[in-house]
Amino acid sequence: LEEAQRVADEFEFTSEQLKTAVVEFRRLMDLGLKNNDEAMTMIPTFVSDVPTGTEKGTFLALDIGGTNLRVCSIHLQGDGTFHLVQSKSAIPKAMMIGSSHDLFSFIAERIESFIREHHEDKFDCTEPEHMLQLGFTFSFPVNQTAVNKGVVLRWTKGFNIPDAVGVDVVDLLQRAIDAKSLPVKVAALVNDTVGALMARAYAAPKGTESLIGAIFGTGTNGAYVENMENVHKLEKAEHQTPTMVINTEWGAFDNAMRVLPATPYDNALDHASVNPGYQMYEKRISGMFLGEIFRQAIISLTTASDPGMGGASLFNGEASKQLNLPFSLDTSVLSAISEDESPDLATVKKVVQEQLGVSAGLEAIETLQAVQLVSRAIGRRAARLSAIALCAIISASGRLSSSPTSKVDIGVDGSVVEFYPNFEEMVREAIREVLGEEKEGRLTFGLAKDGSGVGAALCALMARKQQ
Ligand code: ADP
C-alpha cells in the first residue's frame, strides 16, 4: 500500500499550484482574444448572448458529431421548458469517407422524412421567414466567420471528406436542403459547448447569470459570455453587440506545460497518443484519457515491490493481456472503482477481474485498496484541474464581484461530470481554495441536458433575433 500511496501522491495538485494555473489560464485567455494563432483559440461564435428562459417557438436541430445523425424538433414553451421529438440514424460508413454531395444529400433525406412525419403542414411554406429555422451542431473543427457560416478546417473521428475542407459547411447543408425544396433555413452553426451554455441558460433558475457551458465527456471544452470590448481580434465593424459567446477550445490550455502537472503516467500517455504535445489539459481531465492514465499507473505498480505489502508487487506482478493493451480502459472503470464504499471493496474486486482481466492477489484487501487509491487520486486531480478553467473565467468576468448577491450558473454536460462520483463536489472544493467559500457558495451547476438539440434550437432563435 505504501507504493500505491506514493503513486497517488504524484497526482496531488495543491492549492498553490491551482492558483498559479488560474493566473496562467487568464493570461492565455487574453492572448487568445487578441491573436488568432494562439494554442487556446478563443473562437468568437457570433452568438451575442444567452437566452433568458422566456423564448418561444418551434425550431429544428441537426447534430452530426460521431457515428449518429440526429434530427430534432424542439418546441420552446417560454417558461424554461420544452418538448422535443427526434429521430436518430446511423451514418453509413461509406458516407463518412465519400463526397460532400453524398453526405449532405443523405442528411437532407433524413431531414425530409422527419419533416414529413412531424411538420407535414410546413411543406406548403414558400416564404423564407415562415420556414423552419434549423440549428446545426457540427462537432468538427471549423473557422466560424458568422453565426451561420463556418469553413471546415479538417475532419476527425473517422470522417474524411476532402472536398469539404475549406468549404462553408452551412452552405453545403443549405444547398442539399434546397435541392429537395425543403421548407428549412439553416440559421446557426453551433459548437456543442455553446449548445450546453444555451440549453442551461434557458432552463437555469431565475436570478442566476449563466456564464459558462462546459463539457467533460470524451473531451473537454468550454464556452462563455465575454464582453465584446475584450475580443480584440474582431474588427471594430463587427462589434455590434455588447457581449459575445466565445468557444475557448480549452482542451489545448497550457500545451507549453508551464503549470500543468506531468507524472510519468501522463508522459507515457502523451507519447502513445495520436497528437503528442497537444490537448495537454484535455489529456488530464477527459473521459478519453483517464482510463489510460490509470492503466499506466497500475502497470507501474505491478512492477514495483511494495514494502507495505511485504515486498510484493500489485497483482503479484502479473499484468493481464487487457491491462497491457493501450487505451483499453474506459473512464467508467474509474467511476465504478472510486465509488465503492463497501468494507470488502466487492465492486473494486469485480471490476478488476472483469475489466482489468486480473485475478492474482485479489484475496488481499490491500490490493483492492491500492487500486482504489490510485483511481480516486486520478479522478480527484481531473476535478481539481477542471476548476482552473472555471475559476479563471469566473474571476475574469467579475460577475461574482459586481454585487455581493450576484449568482453565477455553469451548465455542464458529459459522462465524466455526470457519472464520476463527487466530481462536482471536488471541483467546488478546488474553487473554494481559489475564490473563497463565499463566492463558491454563489455558484450553481446544472446539467445541460440535450445541448445539441435544445441548445442548437436556441442558437437558431438567437441568430434570427440578431439579424
Ligand atoms: P461525448 O463527450 O462523446 O458526447 P460522453 O459525455 O458520454 O459523450 O463521454 C464519453 C466518455 O465518457 C468516454 O470517454 C468514457 O470513457 C466516459 N464515460 C462513460 N461512462 C462513464 C462513467 N460512468 N463515468 C465516467 N466516465 C464515463
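## Basis of the report

Two strands are said to pair if DSSP finds at least two bridges between them. Helices (H or I, at least four residues) and strands (E, at least two) are DSSP runs, numbered from the N terminus. The model is predicted, so local features need pLDDT of at least 70 and side-chain atom pairs count only at pLDDT 80 or more, while totals for chains, interfaces and linings use all residues. Residues are numbered from 1 along each chain as its sequence is written, and side-chain values use heavy atoms, with hydrogens and water left out.

## The sheet

An open sheet of five strands has the order E4-E3-E2-E5-E8, with mixed pairing. Its edge strands, each pairing on one side only, are E4 (82-90) and E8 (184-190). Neighbouring strands are turned by 20° against each other on average, direction ignored.

Strand E3 (residues 68-77) runs antiparallel to E4 and is joined to it by nine bridges. Within this pair, Ile-74 stands opposite Leu-84 in E4.

## Helices across the sheet

Axes are lines fitted to C-alpha atoms, for helices over the stretch in contact (heavy atoms within 4.5 Å); angles run from 0 to 180 degrees between N-to-C directions. Helix H4 (residues 100-118) lies across E2 (56-64), E3, E4, E5 (132-138) and E8, at about 40° to E3. Helix H5 (residues 169-179) lies across E2, E5 and E8, running at about 160° to E8.

## A helix crossing

The axes of H10 (residues 346-354) and H11 (residues 365-397) come within 10 Å and cross at roughly 85°. H10 is therefore roughly perpendicular to H11 (65 to 115 degrees). Val-348, Lys-349 and Val-352 of H10 make the contact with Leu-368, Val-371 and Gln-372 of H11.

Methods:
Angles under 35 degrees count as roughly parallel, over 145 as roughly antiparallel, 65 to 115 as roughly perpendicular and the rest as oblique.
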